[in-house]
Amino acid sequence: MTRQTEPSAGQHMSAEVAAQPKIFADLVARRGEIAEIAAQVSARRPRFALLAARGSSDHAALYAKYLIEVLLQLPAGLVSPSTTTLYGAQPDLTDVLLISVSQSGGSPDLLEVTESARARGALTVAVTNTPDSPLNNAAELSVDVGAGPELAVAATKTYSATLLALYLLIDAVRGGAGEHAAPLGELAQRTLDDSAAAVQEAVQRFRFVDRVLTTGRGYSSATAAEAALKLAETSYLSARSYSGADLLHGPVAAVDAETGVLAITSAGKGGAAMSEVLDVIHSRGADVFAVGSASSRVSAALRVPVAETAEEVAPVLEVLPIQSLALGLSLARGGDPDSPRGLNKVTKTR
């Protein structure tokens with residue numbers, strides 16, 4: 001009788017991190033079908049946009065908020081689902097675009113928000129990794145991120161693929177041809193390969209840290225938020241994300257030599273705005289780990305360069321070393337990032 005071997009800790013998360021370059025290339029190849037959805041959005045000429053999401057998908061929605069406000073010049077906001085599900089609010093959403101973002105497409109609150117918004121006049125678009133989900137059926141239009149089944153509890157490939165799907169959708173709405181997204185598959189592989197040594201050094205430096213602060217600005221604010229979540233759920237660290245714009249307004253008082261700081265610093269206006277912030281943080285003795293294509297231009301103890309792209313697509317790449325860090329830290333601290341304690345793959349809230 002053949003003896004079945006037990007799965008090793010982190011094997012699913014490791015495989016899913018490594019799968020992302022191909023997923024990106026495949027998703028870019030499907031740009032045409034996403035552009036067809038975008039054409040229907042453009043034809044409706046929405047007056048503003050709302051985004052509904054939870055967990056990692058909420059960070060992807062934050063990224064989309066920046067894309068919509070900057071690339072489409074439309075006001076955009078993040079929905080508080082409980083205003084619908086708990087308080088029964090029924091605002092007029094005529095000519096509003098609602099994008100519901102969910103890996104599983106099965107969260108009851110997002111389903112209710114989408115159904116309610118559609119009934120009140122909104123153009124509803126579901127962006128999910130589950131084409132036959134209830135959320136896709138509830139929305140008027142849907143985009144499949146195409147990441148395939150994700151076995152690890154911590155979202156990696158579904159998160160980054162959602163970022164890319166949202167970018168392709170919003171870029172197409174503005175009439176773009178997706179040129180900034182075209183090389184992301186190749187650049188993702190280069191980023192994973194080139195960052196491996198620095199990520200391993202960061203694992204050794206951060207493995208005994210109990211408090212981590214993550215920070216970024218602009219598009220990279222979403223990456224900072226996702227980084228805090230990944231470190232909290234896989235390594236059980238006390239991790240908090242702050243915008244670089246807010247950090248010096250008070251939270252900096254809690255930063256000292258015992259604080260690990262993960263800073264997202266990609267080339268562009270957001271990364272440039274982080275330079276002064278990190279000068280202050282570094283001067284307080286914090287161990288600063290800078291990730292991004294502008295990491296060499298800021299004060300830091302350790303840097304992970306990421307291939308430079310247009311700033312609007314940088315979050316798709318800059319999250320990759322962070323996922324590898326979360327994986328490595330969890331294993332170094334004796335955990336299993338495939339099944340963190342107390343967590344399920346799909347969380348259902350109302």
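**Notes on the predicted model**

1. The secondary structure of the protein, in what is a predicted model, comes to 13 helices and ten strands. With a radius of gyration of 20 Å, close to the 20 Å that the globule rule gives for 350 residues, the protein is as compact as a globular protein of that length. The C-alpha trace spans about 65 × 50 × 40 Å along its principal axes.

2. Of the 350 residues, 55% are buried, and among the contacts with a separation of 6 or more, 76% are made by residues 24 or more positions apart.

3. Helix 1, which covers residues 11–18, has Met13, Glu16 and Val17 as buried residues. Seen down the helix axis, these buried residues fall within an arc of 100°, so they line one face of helix 1. As a general point, an α-helix has 3.6 residues a turn, so residues three or four places apart point the same way. The cover over the buried residues of helix 1 includes helix 2 (20–29), helix 8 (157–173), helix 9 (184–206), helix 10 and helix 13 (314–332).

4. The second largest pocket holds about 190 Å³ of space. Its lining is made up of 13 residues, and those that lie nearest the centre are Ser42, Pro46, Leu72, Leu74 and Val173. Helix 3, strand 3 (96–102) and helix 8 are the elements that give two or more residues to this lining, and helix 8 gives the most, with three residues. Sorted by class, the lining of the second largest pocket has ten nonpolar residues, two charged residues and one polar residue.

5. Arg45, in the loop between helix 3 (31–44) and strand 1 (48–53), has a phi near 50°, which is a positive value in a residue other than glycine. Tyr236, in the loop between helix 10 (221–235) and strand 7 (238–243), likewise has a positive phi, of about 60°, although it is not a glycine. Is each side chain buried or exposed? Arg45 is exposed, with a relative accessible area of 69%, while Tyr236, at 32% relative accessibility, counts as partly exposed.

6. Ser266 is placed in the loop between strand 8 (260–264) and helix 12 (269–283). This serine counts as buried because its relative accessibility is 4%, and the cut-off for burial is under 20%. Which residues does Ser266 contact, leaving aside its neighbours within four places in sequence? The contacts of Ser266 are with Ser220, Gly271, Gly292, Ser293, Ala294, Ala314 and Glu318.

7. Gly146 also lies in a loop, the one between strand 5 (141–144) and helix 8, and with a relative accessibility of 36% Gly146 counts as partly exposed. Leaving aside its neighbours within four places in sequence, Gly146 is in contact with Ile23, Arg30 and Asn129. Gly146 and Thr130 are 16 residues apart in sequence, and their C-alpha atoms are 8.2 Å apart in space.

How values were computed
Residues numbered from 1 in each chain as written. Predicted model: local features only at pLDDT ≥ 70, side-chain atom pairs only at ≥ 80, totals over all residues. Heavy atoms only, no water. Helix = DSSP H or I, 4+ residues; strand = E, 2+ residues; numbered from the N terminus. Buried < 20%, exposed > 50% of the residue type's maximum accessible area, 1.4 Å probe, protein only. Arc of directions from axis to C-beta. Contact = heavy atoms within 4.5 Å. 1 Å grid on protein atoms, 1.4 Å probe; cavity = no way out; pocket = protein on both sides within 12 Å on 5 of 7 lines; lining within 4 Å. Points joined across faces, edges and corners; volume = space filled by probe spheres on them. Nonpolar A, V, L, I, M, F, W, Y, C, P; charged D, E, K, R; others polar. Rg over C-alpha atoms; globule rule 2.2 N^0.38 Å.
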